[in-house]
Each structure stands twice: as C-alpha cells, then as structure tokens.
Amino acid sequence: MAINTKKSAKPIGAYVHAKEVGGFVFLSGIGPRDPETDKIPKGIEEQTHAVFRNVNAVLEACNLEMKNVVDIMVFLTNMEEDFKKFNEIYGDYIEGYEVTRTTIEVGALPTPIVVEFKVVAHK
C-alpha cells in the first residue's frame, strides 16, 4: 500500500512518501523542505529538526510513531563539519528508542540540502 501526506514535503520525483509491505513501512528519502512553502531551512541544525518533522508527518500518515522505527540511514553532505551537531540533535529525537543507524557522507543530494533520511519502520 502506498502512502502520501500533505504534512510532509512533497516528493521531488516519481515516488510515494512511504510503502507498506509485509508489516514493514519503507519511507522514501526525506529531506528538510517545508511542506507548505517548499523552502529549505539553513544549516545542519535547522535542517535536522525539519527532517524529523517531515519523518514524523509521514509516520503519522502511516499510523506509526518514532517507536515503530527500526532503522534510519542518514545522508550528510559534510560529515566533518556537520556530524557532531547533527548527532547531538539526532540523539534528542531518538532517546529511549532502539533504532539502528548508518550515516554516510555523500557528495550531493537531489536538492541543495545537507541532510536526508531513509527510514524503515515496523507496524
């Protein structure tokens, strides 16, 4: 089952926000764009908070919460400059949840953002 919501930034390509398969929900890559204005916040701190808002909006559309998340893949465009601050903010959102994570530095993302998540949750 495909899932979309207007409460998260709209996809920038031919894909849905999430897809449920066999009790798992796979979220497409989610960045920090504002769902109403399409604007991109500045800096790793604002963008990290915005990504979590967008992820939570998609989870809500799937009738899920952060406690259902089992894995997050994080894409950063500048590990050296952004990882420490990102990791602090990330820890605040994930505290108390058992979530696996992989963080990868990438040369670029599809829009001029510095962070994007790929999330897998379980019903």
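Analyst: Helices (H or I, at least four residues) and strands (E, at least two) are DSSP runs numbered from the N terminus. This is a predicted model, in which local features need pLDDT of at least 70 and side-chain atom pairs count only at pLDDT 80 or more, while totals for chains, interfaces and linings use all residues. Residues are numbered from 1 along each chain as its sequence is written, and side-chain values use heavy atoms, with hydrogens and water left out.

User: Which strands stand at the edges of the sheet?

Analyst: Six strands make up an open sheet of mixed pairing, ordered β1-β2-β3-β6-β4-β5, where two strands pair if DSSP finds at least two bridges between them. One side is left without a neighbour in the sheet for each strand that has a single partner, and these edge strands are β1 (2–3) and β5 (100–105).

User: Which residue in β3 does Lys19 stand opposite?

Analyst: Strands β2 (residues 18–21) and β3 (residues 24–27) run antiparallel and are joined by four bridges. Across from Lys19, the residue in β3 is Phe26.

User: What is the angle between the planes of Phe86 and Tyr90?

Analyst: Phe86 and Tyr90 are separated by about one helical turn, because they lie four residues apart in helix α2. The structure holds seven aromatic pairs, counted for rings of Phe, Tyr and Trp (its six-membered ring) with centres within 6.5 Å, and called stacked with planes under 30 degrees apart, edge-to-face over 60 and tilted for the rest. Phe86 and Tyr90 form a tilted pair, with 5.5 Å centre to centre and an angle between the planes of 45°.
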